[in-house]
Amino acid sequence: MFDAGVDVITGGNHTFRRREIFDTLEENPRLLRPSNMPKTAFGKGYGIYDYGRFSVGVINLLGTTYMESMDCPFREADRIVDIMQTEGVKIIIVDFHAEATSEKRALGFYLDGKVSALFGTHTHVQTADEQILPHGTGYITDVGMTGPLQSVLGVKPEIVISKFMDRMPVRFALSDGECELCGVLFTIDEKTGLCHGVKRITY
Ligand SMILES: [Fe+2]
């Protein structure tokens with residue numbers, strides 16, 4: 001993915017599922033895991049990246065509603081935004097990997113004007129609520145999924161149906177067929193760090 005031109009990869013609740021990633025998390029500052037995890041976790045939850053004319057700060061956070069309990073994402077966001085502002089970083093992007101729409105929208109409003117953009121991930125379903133919040137933060141509750149269209153969150157539907165109906169453990173397998181790519185494009189003023197354009201993307 002880095003070879004394809006990706007600048008930073010953020011994580012979520014599955015980041016630590018395979019041990020093979022642990023060393024890479026320690027070695028590559030462009031691969032992030034959620035920041036509000038125990039301090040013993042491998043890797044880092046935020047990064048500041050120098051692009052010459054400006055720097056970009058990226059923060060990765062996990063939600064706590066209908067998910068495993070973690071440190072408060074609101075207070076953790078405050079802590080990191082303070083660090084970034086002290087270092088003179090104007091452009092700050094937040095990936096909030098969370099289940100509940102309410103928690104995502106609440107963090108968006110909480111950070112409004114303090115970060116350039118906040119987008120949600122985890123549900124795999126793109127929301128139609130992209131907007132610029134009153135104090136200039138770009139926002140969308142979920143950017144959606146990149147993966148197979150005929151699937152349940154990427155997994156073959158029959159496997160997930162049997163998981164729900166039989167309540168037995170199953171082995172997930174990727175669904176086949178046509179894929180979609182979802183995302184969001186934020187246009188950010190590098191001087192103010194505020195967002196003046198937000199566009200939802202689905203291919
Ligand atoms: Fe997730």
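**View 1. Alanine 117 and its contacts.** Leaving aside neighbours within four places in sequence, alanine 117 is in contact with Ile93, Thr137, Gly138, Phe186, Ile188 and Cys195. Two residues are in contact if their C-beta atoms, placed from the backbone, lie within 7 Å. This is a predicted model: local features need pLDDT of at least 70, side-chain atom pairs count only at pLDDT 80 or more, and totals for chains, interfaces and linings use all residues. Residues are numbered from 1 along each chain as its sequence is written.

**View 2. The largest nonpolar core.** This core has 34 residues. Ile59, Ala77, Ile92, Val94, Ala117 and Leu118 touch the most other members. At least two residues each come from S2, H2, S3, S4, S6, strand S9 (182-188) and strand S10 (195-202). A nonpolar core is a set of buried Ala, Val, Leu, Ile, Met, Phe, Trp, Tyr and Cys residues joined through C-beta atoms within 7 Å. A residue is buried if 20 or more other C-beta atoms lie within 10 Å of its own, exposed if 12 or fewer, and partly exposed in between; C-beta atoms are placed from the backbone. In soluble globular proteins, nonpolar side chains tend to be buried together.

**View 3. The whole chain.** The protein chain has 4 helices and 10 strands. Helices (H or I, at least four residues) and strands (E, at least two) are DSSP runs, numbered from the N terminus. The elements follow the order α-β-β-α-β-α-β-β-β-β-α-β-β-β from the N terminus on. The C-alpha trace spans about 55 × 35 × 35 Å along its principal axes. For 203 residues, a compact globule would have a radius of gyration near 17 Å; the protein chain has 17 Å, which agrees. That radius is taken over C-alpha atoms, and the globule rule is 2.2 Å times the number of residues to the power 0.38. Buried residues make up 34% of the 203 residues. Among contacts with a separation of 6 or more, 52% join residues 24 or more positions apart.

**View 4. The open sheet.** The sheet has 6 strands in the order S1-S2-S3-S4-S6-S5, with mixed pairing. S1 and strand S5 (131-132) stand at the edges; each has a single partner strand, so one side of each is left without a neighbour in the sheet. Two strands pair if DSSP finds at least two bridges between them. S2 and strand S3 (residues 91-97) pair in the parallel sense over 7 bridges. In this pair, leucine 62 stands opposite histidine 97 in S3. Helix H2 (residues 73-86) packs on the sheet and touches S1, S2 and S3. The direction of H2 makes about 165° with that of S2. Axes are lines fitted to C-alpha atoms, for helices over the stretch in contact, and angles run from 0 to 180 degrees between N-to-C directions.

**View 5. The S1 and S2 hairpin.** Strand S1 (residues 46-50) and strand S2 (residues 55-62) run antiparallel, joined by 5 bridges. Tyrosine 46 stands opposite isoleucine 59 in S2. The hairpin has 4 residues between the strands, and glycine 52 takes a positive phi near 85°. Aspartate 50 lies in strand S1. With 9 C-beta neighbours inside 10 Å, aspartate 50 counts as exposed. The C-alpha atoms of aspartate 50 and valine 89 are separated by 9.6 Å, although the two are 39 residues apart along the chain.

**View 6. Helix H3 on the sheet.** Helix H3 (residues 101-110) lies across S3, strand S4 (117-121) and strand S6 (138-140). H3 runs at about 170° to S4. The buried residues of H3 are Glu103, Lys104, Leu107 and Gly108. They cover an arc of only 135° around the axis, which puts them on the same side of H3. The arc is that of the directions from the helix axis to the C-beta atoms. These buried residues pack against H2, S3, S4 and S6.

**View 7. Serine 151 and helix H4.** Serine 151 sits in the loop between strand S7 (147-148) and helix H4 (157-166). With 20 other C-beta atoms within 10 Å, serine 151 is buried. Not counting residues up to four places away in sequence, serine 151 touches Lys156, Pro157 and Ser175. Serine 151 and serine 175 are 24 residues apart in sequence and 5.7 Å apart in space, C-alpha to C-alpha. Just after H4, arginine 167 takes a positive phi of about 55°.

**View 8. The S9 and S10 hairpin.** S9 and S10 run antiparallel, joined by 7 bridges. Isoleucine 188 stands opposite cysteine 195 in S10. The hairpin has 6 residues between its strands, and glycine 193 in the turn has a positive phi of about 80°.
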